[in-house]
Amino acid sequence: MNIDSIKNGIVIDHISAGNGMKLYHLLKLDELDISVAIIKNVLSKKTGKKDIIKIDGDIALDMNILGYVDPDATVNIIKDGNVFKKERVDLPDTIKNVIFCKNPRCITSVEQEIDHVFNLADKEKRIYRCIYCETKAE
């Protein structure tokens with residue numbers, strides 16, 4: 001398989017195998033009018049398999065979404081065909097409107113204008129809790 005290199009854009013690398021499509025949708029890459037390549041189940045020396053997303057254009061990425069879905073991913077900024085900058089992703093302390101509270105009694109279930117906000121409760125176990133009702137994110 002041959003995937004062309006990009007001249008200017010972003011490569012999200014070291015995505016856990018199977019999370020590429022989830023990131024594609026959460027980052028709303030399907031709404032962009034630029035080339036986006038999702039490469040699934042690429043052999044990786046480190047993890048066995050990984051996914052990669054190549055974006056042929058300079059866009060703003062929501063690092064909180066990346067960190068929530070896959071805190072081990074890396075973001076490579078490509079300029080003139082070379083890696084200009086490499087960023088590590090980490091679990092965000094707070095995520096807003098990425099996941100939604102499942103508690104039917106939560107205020108977010110009743111009031112539609114309220115943001116769904118979750119705070120990181122346990123970094124080791126990657127547990128987030130709703131700031132309104134303390135329900136654990138699933």
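Strands β2 and β3 form a hairpin, with 3 residues between them. The model is a predicted one, in which local features need pLDDT of at least 70 and side-chain atom pairs count only at pLDDT 80 or more, while totals for chains, interfaces and linings use all residues. Residues are numbered from 1 along each chain as its sequence is written, and side-chain values use heavy atoms, with hydrogens and water left out.

Two strands count as paired if DSSP finds at least two bridges between them. Within this pairing, V42 stands opposite K50 of β3. Strand β3 is also joined to β1, by 5 bridges and again in antiparallel fashion. Here I15 has D51 of β3 as its bridge partner, and V11 is partnered by K54 of β3.

How much of β3 is covered? Strand β3 is mostly covered, with 6 of its 8 residues buried. Buried means under 20% relative accessible area, exposed means over 50%, and partly exposed lies in between (1.4 Å probe, protein chains only). In the protein as a whole, 38% of the 138 residues count as buried.

The buried residues lead on to the nonpolar cores. A nonpolar core is a set of buried Ala, Val, Leu, Ile, Met, Phe, Trp, Tyr and Cys residues joined through side-chain atoms within 4.5 Å. The largest has 29 residues, and those with the most contacts inside it are I12, L23, L27, L61, L66, F118 and Y128. At least two residues of this core come from each of β1 (9-16), α1 (20-26), β3 (48-55), α2 (63-69), β4 (74-79), β7 (117-122) and β8 (127-130). Helix α2 gives the most, with 4 residues. Leaving out residues up to four places away in sequence, L23 touches I15, I53, I65, L66 and V69, where contact means heavy atoms within 4.5 Å. Apart from this core lies another, of 5 residues, among them I6, V11, I39 and I52.

The cysteines come next. A disulfide is counted when a pair of cysteine sulfur atoms lies within 2.5 Å, and by this rule the count comes to 0 disulfides. C106 is in no disulfide, and the nearest cysteine sulfur, that of C130, is 3.7 Å away. C106 is buried, with a relative accessible area of 1%. C130 is likewise in no disulfide, and C130 too is buried, with a relative accessible area of 1%.

T108 has its place in helix α3 (residues 107-110), and T108 counts as buried at 7% relative accessibility. Apart from neighbours within four places in sequence, T108 is in contact with C101, I114, D115, H116 and Y132. L32, by contrast, lies in the loop between α1 and β2 and counts as partly exposed, at 32% relative accessibility. L32 and I55 are 23 residues apart in sequence, and their C-alpha atoms are 9.7 Å apart in space.

Finally, the overall picture. The protein has 3 helices and 8 strands, which run β-α-β-β-α-β-β-β-α-β-β from the N terminus on. Its C-alpha atoms fill a box of roughly 50 × 35 × 25 Å, taken along the principal axes. Among contacts between residues at least 6 apart in sequence, 55% join residues at least 24 apart. The protein exposes about 8800 Å², of which carbon and sulfur atoms supply 45%; accessible areas come from the Shrake-Rupley method with a 1.4 Å probe, and for residues only the protein chains shown count as cover.
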